Amino acid sequence: MTKQQKHRVLASAVLILTLGVAQNVNAMHIMEGYLPGGFCIAWGVICLPFLWMGFRSIRKSLNENRRVLPLLAMAGAFIFVISSLKIPSVTGSCSHMTGTGLGALLFGPGAVSILGLIVLLFQAILLAHGGLTTLGANVFSMAVAGPFVSYGIYRLCQKGGVNKRLAVFLAAAFGDLFTYCVTAFQLAIAHHSDVSVGGAFAKFLAVFAPTQIPLAVIEGILTVLIIAALETYARPELRAAGFLKEER
Amino acid sequence: MKKGTVIALIAAVILIAFIPLFLLKDAEFGGSDDAGSVVVEEVDSGYEAWATPVLERILGGELPGEVESLLFCIQTGIGVGIVAFFMGRFVERKKQGRGD
């Protein structure tokens, strides 16, 4: 077998295994009907300004330079792929990654809220994964809070002179992890009739966080890899998106 | 990035993803969402989920497992298709020396 053939076999084996493992219905997101009505509406309203901001930011970057369109499509597609792969974790349950870090680094956190909304709608309607009533809450955790943390960490690392690859890794991994912390928080403030809010938060976090840590590491690595690939092959687009500084 | 690093990173991803499967032979690997609804039961015992997913309402029951994996595959396929299409274009463009 040539090297290339080996790579292909490996890649298809990974794909088959991953899809074969992905049997369980619900891996993440707050399920349909699991938040009281008031909370559903409140989270939805909180998301609106971010979505508006995202819409404007996408329109602006496309107007400035059509060249970023392939990158935008790839960032959205990355979320699509990554959030469809449910991966076994050390705690004995499965979860999936968010994939929102990449888009946040390339286009800023606002744009990702729109990309995330599309993915969450797809999953809520067709896959009974997440839900329409809990859409607002899920958009907030996955497509607003996580990307903002990613973006913030990346910016901080840049200022602190941290190695760029490490910065990308940290941004993607912690953005992913933070999404689940927000989900735990959203569940805790809605469900704490038997214990205190803090107690409920700790319990939800204990369910989500340990499962998510290895996956956050995977997401960090994958984001580093795809950014490295883009830096090799798509420098003009990265410059157009403002991710790389102008060199001329 | 060097080729060796890339391969090492990919290997790391695969290991992290599949080692739990072999280490925890008795685990069910259910979704952490299901675990989430169990906790809801614990901390808020009176709560009843008040909505069911649209598709389940139309079908009058849960989506069959096989069909669900089909939909997940479609989702993955759409994503991979888009990423691979543009990546292929970028790579070819660079090969022809028109990239940068």
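Analyst: Happy to! In strand 2 (residues 93-96) of chain A, A:Ser93 and A:Ser95 point one way while A:Cys94 and A:His96 point the other, and all are buried (20 or more other C-beta atoms within 10 Å of the residue's own, with C-beta atoms placed from the backbone). Strands here are DSSP runs of E with at least two residues, and helices are runs of H or I with at least four, numbered from the N terminus. This is a predicted model, where local features need pLDDT of at least 70 and side-chain atom pairs count only at pLDDT 80 or more, while totals for chains, interfaces and linings use all residues. Residues are numbered from 1 along each chain as its sequence is written, and chains are lettered from A and ligands numbered from 1 in the order in which they are written.

The partner of strand 2 is strand 1 (residues 86-88) of chain A, paired in the antiparallel sense over 3 bridges; pairing asks for at least two DSSP bridges between the strands. A:Cys94 is the bridge partner of A:Pro88. The two strands form a hairpin with 4 residues between them, and A:Gly92 in the turn has a positive phi of about 90°.

Elsewhere, 60 residues of chain B are in contact with 65 residues of chain A, contact meaning C-beta atoms, placed from the backbone, within 7 Å. Helix 4 of chain B gives the most to chain B's side, with 18 residues.

Key: Two residues are in contact if their C-beta atoms, placed from the backbone, lie within 7 Å. A residue is buried if 20 or more other C-beta atoms lie within 10 Å of its own, exposed if 12 or fewer, and partly exposed in between; C-beta atoms are placed from the backbone.
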